[in-house]
Amino acid sequence: MLTGPLEQTNEPYAIAKIAGVKLCETYRDQYEADFISVMPTNLYGYNDNYHPQNSHVLPALIRKFHEAKESGHPTVTIWGTGSPRREFLFADDLASACLFLMDHYSSREPVNIGTGEDITIKDLALVVKEVVGYEGELAFDTSKPDGTPRKLMDVTKLHEMGWRHQTALREGIALAYQDFKEKHVAVS
């Protein structure tokens with residue numbers, strides 16, 4: 001941590017995460033509190049933010065494909081080239097990992113929580129397209145930024161302790177899409 005420059009588009013979020021880790025370390029040292037820090041990968045799941053302008057990539061794709069399917073729009077446009085790779089974890093699996101760590105971990109070093117697997121944005125879009133049942137085409141708006149080429153957590157420490165995620169990506173997307181339809185479609 002703090003070994004290089006922060007990624008510019010993510011700097012405020014990165015600074016907040018670093019501050020939280022440092023706070024837990026300081027409380028642990030100063031008050032002998034058994035605080036631990038976890039670093040989750042990209043999360044998605046129930047009650048996600050599907051706002052068209054400020055949601056993260058996976059819920060944004062769910063909404064885009066759903067709306068295109070409902071309106072009969074022939075194309076869904078994806079920002080960037082589709083080549084960046086991202087890791088995704090179903091939010092319920094994060095909760096499971098946190099409970100596991102509270103029972104099995106006590107150290108000042110942060111623990112990465114993720115799947116240890118990544119996927120290109122293009123392939124992610126194809127999975128969402130299939131789950132939603134959209135039959136149109138994909139287009140990539142290469143005038144929009146790709147962001148960091150790859151974001152993948154090293155989850156070796158967590159796996160060696162015996163915890164692994166339970167929700168496969170396609171299954172999690174199907175659960176999130178069902179939740180989206182139940183909670184957002186009638187309101188939209």
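Domain bounds here come from an automatic or database domain assignment. For this chain, that assignment gives domain 1 (1-35) and domain 2 (39-185). The model is a predicted one, in which local features need pLDDT of at least 70 and side-chain atom pairs count only at pLDDT 80 or more, while totals for chains, interfaces and linings use all residues. Residues are numbered from 1 along each chain as its sequence is written, and side-chain values use heavy atoms, with hydrogens and water left out.

We turn to the interface. The C-alpha centres of domain 1 and domain 2 lie 24 Å apart. Ten residues of domain 1 and eight residues of domain 2 take part in the contact (heavy atoms within 4.5 Å). Between them the two domains bury about 750 Å², 45% of it on carbon and sulfur atoms; buried area is the accessible area (1.4 Å probe) that two parts lose on being put together, summed over both. Of the area that domain 1 buries against domain 2, Lys17, Glu25 and Arg28 supply 48%, more than any other three residues.

Two salt bridges are found across this interface, each a side-chain nitrogen of Lys or Arg within 4 Å of a carboxyl oxygen of Asp or Glu. Arg108 forms a salt bridge with Asp29, where the closest N and O atoms are 2.6 Å apart.
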